[in-house]
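Please read them with the sequence and the structure open beside you.

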Amino acid sequence: MTTSLILKRTDSDNPDFKGLVRLLDADLHKRDGEEHSFYAQFNSISTIKHAIVAYEKEVPVGCGAIKLFDSQSMEVKRMFVIPEFRGKRVASQILKGLEDWAKELQIKKCVLETGKRQPEAIALYTKSGYKIIPNFGQYAGVENSVCFSKDLL
């Protein structure tokens, strides 16, 4: 477990967040191939007001964000941990930080979409108490998508 991890609350203007998202997009492009452009259209970070960057000794090692989904829910977006820090509970800590932030904002539920080609993400969300739900919105009928929900109350 990473002991000196610092979670910094920020927004989409943070240069470290932007850099990690570029690495995430490159990783997703490899995993999703030609389908990547479909998903990319829903992953703009230009209006994200609630992002977390995880730092280990001042080095950005992971990120995640939440954005308003509806009046009661936040959507978890842009979760990523650099490869050399995977398996050290960084993503779990970021996700918990995002859930805590959502609770502070009086949000009752988090929802998210991830891809079937991201087994690590599916394992993280399942382990963190998220339940599979029918694919929502633009992901309805998309074979590679898996949607999740978690009540925060």
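1. Which residue takes a positive phi in the hairpin of S2 and S3? In this model, which is a predicted one, the residue is Lys-57, with a phi near 50°, and the hairpin has 2 residues between its strands. Lys-57 sits in the loop that links S2 to S3, and its positive phi occurs although the residue is not a glycine. Because its relative accessibility is 68%, over the 50% cut-off, Lys-57 counts as exposed.

2. A positive phi of about 65° is also found at Gln-106, again a residue that is not a glycine. Gln-106 belongs to the loop between H3 and S5, and it counts as exposed because its relative accessibility is 63%.

3. One of the pairs can be located from His-50, whose bridge partner in S3 is Ile-66. S2 is also joined to S1, by 6 bridges and again in an antiparallel arrangement, and on that side Leu-5 has Glu-56 of S2 as its bridge partner.

4. Is S2 mostly covered or mostly open? It is mostly covered, since 7 of its 7 residues are buried. The cover extends to both faces of the strand, with His-50, Ile-52, Ala-54 and Glu-56 buried on one side, and Ala-51, Val-53 and Tyr-55 buried on the other. A reader checking the side chains may wish to note that Glu-56, which is among these buried residues, is the residue of S2 that pairs with Leu-5.

5. Asn-14, in the loop between S1 and H1, counts as buried because its relative accessibility is 7%. The C-alpha atom of Asn-14 is separated by 8.8 Å from that of Ala-51, a residue 37 positions away along the chain.

6. Taken as a whole, the sheet is open and has 7 strands in the order S1-S2-S3-S4-S5-S7-S6, with mixed pairing. Its edges are formed by S1 (5-10) and S6 (131-133), each of which pairs on one side only. From one strand to the next, the twist averages 30°. Further along the sheet, S5 (residues 109-115) and S7 (residues 145-151) run antiparallel and are joined by 7 bridges, and within this pairing Cys-110 has Lys-150 of S7 as its bridge partner.

7. At the contact, Ala-91, Ser-92 and Leu-95 of H3 meet Leu-124, Tyr-125 and Lys-127 of H4. The residues of this contact divide into 4 nonpolar, 1 polar and 1 charged.

8. A last point concerns Asp-25, which is placed in helix H1 (residues 15-32). Is this residue buried, partly exposed or exposed? Asp-25 counts as partly exposed because its relative accessibility is 28%, a value that falls between the 20% and 50% cut-offs. Its C-alpha atom lies 8.9 Å in space from that of Arg-78, although Asp-25 and Arg-78 are 53 residues apart in sequence.

Key: Residues are numbered from 1 along each chain as its sequence is written. This is a predicted model: local features need pLDDT of at least 70, side-chain atom pairs count only at pLDDT 80 or more; totals for chains, interfaces and linings use all residues. Side-chain values use heavy atoms; hydrogens and water are left out. Contact means heavy atoms within 4.5 Å. Helices (H or I, at least four residues) and strands (E, at least two) are DSSP runs, numbered from the N terminus. Ala, Val, Leu, Ile, Met, Phe, Trp, Tyr, Cys and Pro count as nonpolar, Asp, Glu, Lys and Arg as charged, and the others, Gly among them, as polar. Two strands pair if DSSP finds at least two bridges between them. Axes are lines fitted to C-alpha atoms, for helices over the stretch in contact, and angles run from 0 to 180 degrees between N-to-C directions. Buried means under 20% relative accessible area, exposed over 50%, partly exposed in between (1.4 Å probe, protein chains only).
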